[in-house]
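User: I am new to this structure and would like a close look at one part of it. Could you pick a helix and walk me through its surroundings?

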Amino acid sequence: MAERSAGRPRDPEADNAILTAAFELFLERGLDGTSIEQVAKRAGVTRATVYRRFATKEELLFSVIELPRDVVALDPARMAVSSEEEIIKGWAALMSTGEAVQLLRRIIGASADNFGLMQRYWELFIAPRRAVLKDLVRPGFPPGTDMDVVVDMAGGALFYRALTRPEHNTPDELETYLHKVLHQVGYRP
């Protein structure tokens, strides 16, 4: 007896349409203001098509966050083989975009009522990049430096600046700012 196939292969165009629609809606309305039905309608697919790929809105959001982009700062594997300068440039470029800042605002806002969302964001997105970053900049600090504190200070300063001072968010301005922050906390490459 012939084995039955697992079904039709997924349509990459539908996948892309779903992710694009979800990204746009999350930026416009936030997690709570976005429904799977709205995503399906904007993507031109059925709700069932979306649910076959993503069981929850949160799962869809994390897939949107992890969309492949040509940004070194988003890919831990690329970060691990990049120089500190490339990573600083990558984070400055990323955090200078309105979309990245708006998505970060939406995630932070949604986490006020959904702490599990922030925990998962930390586990899936922040922690892997943070581990690589600590290893890359560690040689520029004296022995015994608490690298968790250093990364908290640099990341916190970057996020704070990007979220609260949008008039100073060109890639060059953020790159210069990151260099100043790292220098102030003792980084000497």
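Analyst: Happy to. Let's begin with the cover around helix α4: the elements over its buried residues include α1 (12-29), α2 (36-43), α3 (47-53), α7 (98-111) and α8 (115-137). Cover here goes by contact, meaning heavy atoms within 4.5 Å. Helix α4 itself spans residues 57-65, and its buried residues are L60, L61, F62, V64 and I65. Buried means under 20% relative accessible area, exposed over 50%, and partly exposed in between, with a 1.4 Å probe and protein chains only.

A word on the source: this is a predicted model, where local features need pLDDT of at least 70 and side-chain atom pairs count only at pLDDT 80 or more, while totals for chains, interfaces and linings use all residues. Residues are numbered from 1 along each chain as its sequence is written, and side-chain values use heavy atoms, leaving out hydrogens and water.

Stepping back, the chain has ten helices and zero strands; helices (H or I, at least four residues) and strands (E, at least two) are DSSP runs, numbered from the N terminus. Of the 189 residues in the chain, 39% are buried. Among contacts in the chain with a separation of 6 or more, 62% link residues 24 or more positions apart. The C-alpha atoms fill a box of roughly 65 × 45 × 30 Å along the principal axes.
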